[in-house]
Amino acid sequence: MDWARVRADFPILERTVHGKPLVYLDSAATSQKPRPVVRAVCDYYERLNANVHRGAYQLSEEATEAYEGARTRMARFLHASDPSEVVFVRGATEAINVVATSLSRERLKSGGRVVTTVMEHHSNIVPWQLLRADRGLAVDFVDIDEDGRLDLADLDRKLARRPDLVTVTYVSNVLGTVNPIRSIAEKVHAAGSLLLVDAAQAVPHRRVDVQALGADLLVFSGHKMLGPTGIGVLWARRSLLDTLPPALGGGEMIREVHQDRVAFRDPPAKFEAGTPNIAGAIGLAAAADYLDALGWEAIAEHEQRMLTRAVRRAQEDFPGRLTTYGPPPGSDREAVFAFAVDGVHAHDVASIVDAQGVAIRSGQHCAGPLMDRLKVSALSRASPYIYNSEADIDRLFDALGEVVRIFAGHERRAPVAG
Ligand SMILES: Cc1ncc(COP(=O)(O)O)c(C=O)c1O
């Protein structure tokens, strides 16, 4: 694979910041977009723009065809058994809120129990906490072990309480841990519960086959997998979508409305109230084309090489000075590289490396319970993607050398400053 040619598809990477060539290492927050995705969105607005499922005129029919074509493409991306299992939403956050709201109208109407984990993003914690406040829902958190892997014995203990739903991230956005979804699904189903998977950090990096995984519901955002912002997917088994009540009400999702009654359309329309993000769905389908064409094995190999280099340079360049988190590189670890520089706040780390042109994330990473569990207030995080290279990892570590030099000076001056 010619990764330099892949990089050349991303126009933004040609720009400079602070007079230095940009090294973008914050793809876990959002990925950059290749030309074919940008082109697909522009092309839609230039040639096809009309509302979908409404007009009896050619333009609207063409827009509808393109939108439904994007759904079929995403069903193939996920190996879903039918396009009607793919609901377009704004992103992972909206998808989880849709599931929570829908369940609160039916099986979690008077409480119930949900199991989540300490490694979840806030988007897979707060919706359940809202239901805890509204409906008295019990919310249990599965712990992690010292390597940052899910504690499966703790999951068994939580399953013994017969929860209604278990919800777990496929890949941690901080630790990079890849959770064993297939075996979790077996345990969860044996306990008579439903399994919801947050695949926001998985779909950019690995083939996600919903039938092989065995989950009941799975959600993700498009913008982390080269797609536009404001589009994502809620996938669920069709039999489940048939029984779940809608979360949002409005146009597009109804069969008929009278003053005294309303009837909903079949899924996925039942869950897509209002005008959807048509251009976003078309751009997302173009992103799926781009990733599938690269090939998932090549992507994994490239990303593992960058992760391995980061871990090695952390050990060699900063022994005892840089703490890293998550399992070692391997099949259950994605290339998300969270770290702490001893004695330096994560925000200082990020702004010093930014001055060298390197963009990384710092802070809590929308994972407050995980920060509590790790007993840290904030971490730095580098998250490379297909357009990065080992040279970019080297640029990060050269910049981290600058961080350590600056703060070594501070430490020496500190006693003088009193
Ligand atoms: C694991 C995980 N889940 C959910 C989300 C939320 O995604 P969005 O903000 O696109 O809805 C993120 C975003 O960082 C994430 O990393």
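Reader: Two strands pair if DSSP finds at least two bridges between them. With that settled, which residue stands opposite Trp235 in S10?

Author: Leu218 does. One caution: this is a predicted model, where local features need pLDDT of at least 70, side-chain atom pairs count only at pLDDT 80 or more, and totals for chains, interfaces and linings use all residues. Residues are numbered from 1 along each chain as its sequence is written.

Reader: What do the S and H labels stand for?

Author: They are DSSP runs, numbered from the N terminus: helices (H or I, at least four residues) and strands (E, at least two).

Reader: Which strands does S10 pair with, and in what sense?

Author: Strand S9 (residues 217-221) pairs with S10 in the antiparallel sense, over five bridges. Strand S4 (residues 86-89) also runs antiparallel to S10, joined by four bridges. There, Phe88 has Val233 as its bridge partner in S10.

Reader: Is S10 enclosed or open?

Author: Largely enclosed by the rest of the structure, because five of the five residues of S10 (residues 232-236) are buried. Buried means 20 or more other C-beta atoms within 10 Å of the residue's own; exposed means 12 or fewer; partly exposed is in between, with C-beta atoms placed from the backbone.

Reader: Which residues cover each face?

Author: Gly232, Leu234 and Ala236 are on one side, and Val233 and Trp235 are on the other. Every one of those is buried, so both faces are covered.

Reader: On to the core. How many residues are in the largest nonpolar one?

Author: It has 119 residues, and Leu234, Ile282 and Leu396 have the most contacts inside it. A nonpolar core here is a set of buried Ala, Val, Leu, Ile, Met, Phe, Trp, Tyr and Cys residues joined through C-beta atoms within 7 Å.

Reader: What is Ile282 in contact with?

Author: Leaving aside its neighbours within four places in sequence, Ile282 is in contact with Ala40, Val41, Tyr44, Ala66, Tyr67 and Ala70. Contact means that two C-beta atoms, placed from the backbone, lie within 7 Å.

Reader: Back to the domains. Where do they run?

Author: Domain 1 is 3-26 + 295-417, and domain 2 is 50-292. These bounds come from an automatic or database domain assignment. Their centres, taken over C-alpha atoms, are separated by 30 Å.

Reader: How many residues are in contact between the two domains?

Author: 23 residues of domain 1 are in contact with 22 of domain 2. On the domain 1 side, helix H11 (296-317), H13 and strand S17 (379-382) give two or more residues. By class, that side has 14 nonpolar, three polar and six charged residues. Ala, Val, Leu, Ile, Met, Phe, Trp, Tyr, Cys and Pro count as nonpolar; Asp, Glu, Lys and Arg as charged; the others, Gly among them, as polar.

Reader: New topic, the ligand. Which residues are around it?

Author: Gly91, Ala92, Thr93, His121, Ser123, Thr169, Asn173, Asp198, Ala200, Gln201, Ser221 and Cys366. A residue is near a molecule if its C-beta atom, placed from the backbone, lies within 6 Å of it. This shell has three nonpolar, eight polar and one charged residues.

Reader: Which residues does a cis peptide bond join?

Author: Pro267 and Pro268, with omega about 5°. Pro268 sits in the loop between strand S12 (261-264) and H10.

Reader: Last one. Where is Asp140, and what is it in contact with?

Author: Asp140 is in strand S6 (residues 138-142). Leaving aside neighbours within four places in sequence, its contacts are Arg113, Val115, Lys158, Arg161 and Pro163. Asp140 is partly exposed, with 18 other C-beta atoms within 10 Å.
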